[in-house]
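This note sets out points for a colleague to check against the coordinates. Please read it with the model open.

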Amino acid sequence: PDSFSDGGNYYSSDDAFKHALKLVDDGASIIDIGGESTRPGSDSVSLEEELRRTIPVIKNIYQHTKDVVISIDTTKSEVAKQALDAGASIINDISGLTFDEKMIDIAKGYDAGIIIMHIRGNPKTMQDNPAYESVVKEVYDYLLVQSIKSKQNGVDKIIVDPGIGFGKRVEDNFTLIKNLEYFQSLGYPVMIGLSKKSFIGKTLNLDLDEREIGTVILETISILKSARII
């Protein structure tokens, strides 16, 4: 209900399931299911609540269509485990495998894909005066270290995400997008998450529901600069 973009719109399991099927019909290749908001300033939710929000939706999608890959957006290894049991095949961990040390073992045990994202701090505090000397180098180095750690632990189906808006200033986000092709040398597909984020609103002075065109333009630029998943 506190998702920054569409909070409450698809909160019931049935609404979420129906919307997922619509996204598949519209051409989505991956459906990412999350039960805990990671907007700046957000509070964490209990394990039980996160499971209640996500697992029934994943089971329903998996039982109705095999034409889409399901990703679980979580930092909790138990949520990831139950999601993989229910039909997910990718773990989307916004902490880059740093919040739960068991996450990497779950990914290995299920031969799952892993999305490693860069974050500075945690969602509650990440926008409290973030600062970088060289944001591209620092984000790159973090993704390099975490992807090496992942491979050393037997997980090599890796996607990297520079974490736009996760502990970044407005200018940091634009610098990362401008230099996105630099991340190709990590050797993994690059994912980018831009939808309606606040740096677009701050730059163009647009409310949340007015940011679609800015989002699509930046997504197009990101694809041209090496992003493979948006």
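How many helices and strands are there in the protein chain? The points below begin with that count.

1. Basis and overall fold. This is a predicted model, in which local features need pLDDT of at least 70 and side-chain atom pairs count only at pLDDT 80 or more, while totals for chains, interfaces and linings use all residues. Residues are numbered from 1 along each chain as its sequence is written, and side-chain values use heavy atoms, with hydrogens and water left out. The protein chain has 8 helices and 7 strands (DSSP runs numbered from the N terminus: H or I of at least four residues for helices, E of at least two for strands).

2. Dimensions. The C-alpha trace spans about 45 × 45 × 30 Å along its principal axes. The radius of gyration of the protein chain is 17 Å, which agrees with the value near 17 Å for a compact globule of 230 residues (taken over C-alpha atoms; the globule rule is 2.2 Å times the number of residues to the power 0.38).

3. Among contacts between residues at least 6 apart in sequence, 67% join residues at least 24 apart (contact: heavy atoms within 4.5 Å).

4. Nonpolar cores. The largest nonpolar core holds 57 residues, and Ile-58, Ile-61, Ile-91, Leu-143 and Phe-183 touch the most other members (a core is a set of buried Ala, Val, Leu, Ile, Met, Phe, Trp, Tyr and Cys residues joined through side-chain atoms within 4.5 Å). Helix 5 (residues 135–152) supplies the largest share of this core, 6 residues. A second, separate core of 5 residues includes Ile-90, Ile-159, Met-191 and Ile-229.

5. Strand 1. Ile-31 lies in strand 1 (residues 30–34) and counts as buried at 4% relative accessibility. Leaving aside neighbours within four places in sequence, the contacts of Ile-31 include Ala-20, Leu-23, Ile-61 and Val-69.

6. Helix 3. In helix 3 (residues 77–86), the buried residues are Ser-77, Val-79, Ala-80, Ala-83, Leu-84 and Ala-86. Their cover includes helix 2 (47–64), strand 2 (69–73), strand 3 (90–93) and helix 4 (103–109). Gly-87 follows helix 3 and has a positive phi, near 130 degrees.

7. Thr-75. This residue is found in the loop between strand 2 and helix 3. Is Thr-75 buried or exposed? Thr-75 is buried, because its relative accessible area is 12%. Beyond neighbours within four places in sequence, Thr-75 is in contact with Glu-36, Asp-93, Ile-94, Ser-95, Phe-99, Asp-100 and Met-103.

8. Cavity. The whole structure has 1 cavity of 30 Å³ or more (on a 1 Å grid over the protein atoms alone, a cavity is a set of points where a 1.4 Å probe fits but cannot get out; a pocket is an open set with protein on both sides within 12 Å along at least five of seven lines; lining residues have an atom within 4 Å of a point). The largest cavity has a volume of about 40 Å³ (the space filled by probe spheres set on the points, which are joined across faces, edges and corners). Glu-36, Thr-38, Asp-73, Thr-74, Thr-75 and Ile-94 line the largest cavity.

9. Pocket. The second largest pocket contains about 160 Å³ of space. Its lining has 13 residues, with Glu-36, Ser-44, Phe-99, Asn-122 and Pro-123 nearest the centre.

How values were computed: Buried < 20%, exposed > 50% of the residue type's maximum accessible area, 1.4 Å probe, protein only.
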